[in-house]
Structure formats: C-alpha cells, structure tokens
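Trainee: I would like to learn how to read charged side chains in a model. Where do we start?

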Amino acid sequence: MFLSWSLLSRTSTPKGNSQLYLAMITRWSWIALATIWAVCSGERHAAPSYNVLFIVVDDLRPELNVTYGQSAISTPNLDALAAQSLVFDRAYCQEAVCAPSRNSFMTGRRPDTTRAWNFIDHFREPEVGANWSTLPQYFKQHGYYTWGGGKLFHPGLPPNNDEPLSWSQEMPYFPVTDERCPPGTKTPFCAVDAPLDAFFDHRLAQHTVGLLEAAAVNYTDKPFFIGAGFRRPHIDWRAPPRFFELYNASRLSTAKHQTAPAGMPDIAFTTEGAADIHNWPRSFGPQDPEPEEAQRQLRQ
C-alpha cells in the first residue's frame, strides 16, 4: 500500500494537467491500484486548498514488482507511481471481508463499532451511525465537491452508496456493475475479447477522467474530493486476453503454506462462498488445498 502526494492543487490544475493525470489512471485501470493522490488540507491552512483523488482497488494484494519485490507480476505503472510515493511496508486490513472492511475505513471506525461483520448489516443502521460523517462526507461538510464511482462503499451497504449524504449531486454517483464470466464458464476467470467499454473498470476510469475535466473547467469555485473504486482484481477475473498472455501458468509459483497451521480455530477460515458463487468446480478447506495445476491457473 502506498500514498502519492500529488500536485492536484486548485491553483495549478488546468484542464491539460487533468487529462495527463487521468490518462495515467486509464492505463492503470487493468493494473490494480490502491493509493490516495493528494494532500488533504483546509481548516489549518488557508492556501492552497488541495484537491483529492482517492483510488481504491478491490482485493488488491501487495504483489507489486519493485515496490514489494514480487517479481512474478508485471506492474510497471504502479512501480513508477510507487517510486514517487510513500510506501507502507506494514498495512493491515480491518477485517478480511469486503463489506465490513469498507464500512470501517470509510467511517474511520472498527467493525465492532460499525456493527458490520458480514454482508447483512451496515453502519447507517438505526442506533449505530445514522449521524456519522464518512470520509467523503467530511470533505463535503468542509466546502468540497464530492463525486465518486465504483466500489468504494460495498454495494448496498449502506444503501445507494450513501448518496446523497456522502456525495454532491451536481454529478451523481457512478455505481459499480458486477460483471461475471459468460454462462457455462467453469472457472472464476475468463479472457473476454471485447472492446474496453465492455469492462467496468475502463468505464470507471473514463468517468473519472470526465469528473476531473469537469472540475477543472466548470467547478473551480471549490476544491474537490473524487473517489474511484475499481472492481478488479476481485473475482470473477474477467479481462481482455492480453492480460492473461502476460503470464505462463506453468512458471508461476504456488502458495508456500498449503494447509492451515496446526491449532487454527475453525472460525479463522472461510471461503465466503467463493467456490460456489464463482463457478469453481470443487470446494476446498483448511487441510484440502487446490491441486498444484489449479493453483497456477488461479495465479495466472
């Protein structure tokens, strides 16, 4: 995980620069990215006011090349970004499940406080956090335009991506589309030879480009907070063929630890239904690893 302190200030972001920054995002739309692009300022520093581009990537592991020494993965653009960013060597997940983790980091509260541990509850439930301020909502309350798209909150938890509380309505939220592999696919991955517009992450990148361009031209009276939540690499791994062709499955390594550690409590292991929901033909368990060939296919 890393932070990049970018140059998206209100006083130095003409339209050309916005296109430059978002052209980079377009290139990254198929290379998982988790970063915050900006210094947040406001109450303590009168000038300059900084714009914020907040990028979240679903299920991204620290398998970056130069940054984390994972040389099997091709991540040239992220390596370039990390070279000018603050890199965290120790960053922890609040809870290794999507909805609870997002309820947590978008409110700045632990899952035991949000009361969201699964895919049922959310922090806006009565008697929990109906009056809490989320991350984008805080910016909105302090004079920022807040616009976003994709998977920032977990879809439906809270409802409607917490709109309109968290998001300004000049340009409504761009919701995530859950795109799956074609019917009959027997794996949770598929190469889909289609125009880039057929992939949500590309459409989100283009939408975010449009938000930055609009902010630079039509909304210069206030700073902005723009959030972009990319859907991949969450399964289904649905991508153009050229990204699968980057890797030879037979040359990829498998997991160092093939089974659970001795004495692990049962509650510590769950597939969250991934094997059934995402077309994988067999179930697996703490002492029942995938066959080596299957592991290599999944890593590819």
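Mentor: Start with the term. A salt bridge is a side-chain nitrogen of Lys or Arg within 4 Å of a carboxyl oxygen of Asp or Glu. Keep in mind that this is a predicted model.

Trainee: What is the idea behind such a pair?

Mentor: Side chains of opposite charge can pair when their charged atoms come close. Here, R299 and E63 make a salt bridge, with 2.8 Å between the closest N and O atoms. The two residues are 236 apart in the chain and link distant parts of it. R299 belongs to helix 10 (residues 292–299), while E63 sits in the loop between strand 3 (52–57) and helix 2 (65–68).

Trainee: Is E63 buried or exposed?

Mentor: E63 has a relative accessibility of 16%, so this residue counts as buried, the cut-off being under 20%.

Trainee: How many residues apart are R296 and E292 in helix 10?

Mentor: They are four residues apart, which is about one turn of the helix. The side chains of R296 and E292 form a salt bridge, with 2.8 Å from N to O. As for cover, R296 is buried with a relative accessible area of 19%, whereas E292 is partly exposed at 47%.

Trainee: How many salt bridges does the structure hold?

Mentor: There are eleven. Those described above include R299 with E63 and R296 with E292.

Trainee: Now the whole chain. What does its secondary structure come to?

Mentor: Ten helices and eight strands. The chain has 300 residues, and 45% of them count as buried.

Trainee: What share of the contacts joins residues at least 24 apart?

Mentor: Take the contacts between residues at least 6 apart in sequence: 68% of these join residues at least 24 apart.

Notes: Residues are numbered from 1 along each chain as its sequence is written. This is a predicted model: local features need pLDDT of at least 70, side-chain atom pairs count only at pLDDT 80 or more; totals for chains, interfaces and linings use all residues. Side-chain values use heavy atoms; hydrogens and water are left out. Buried means under 20% relative accessible area, exposed over 50%, partly exposed in between (1.4 Å probe, protein chains only). Contact means heavy atoms within 4.5 Å.
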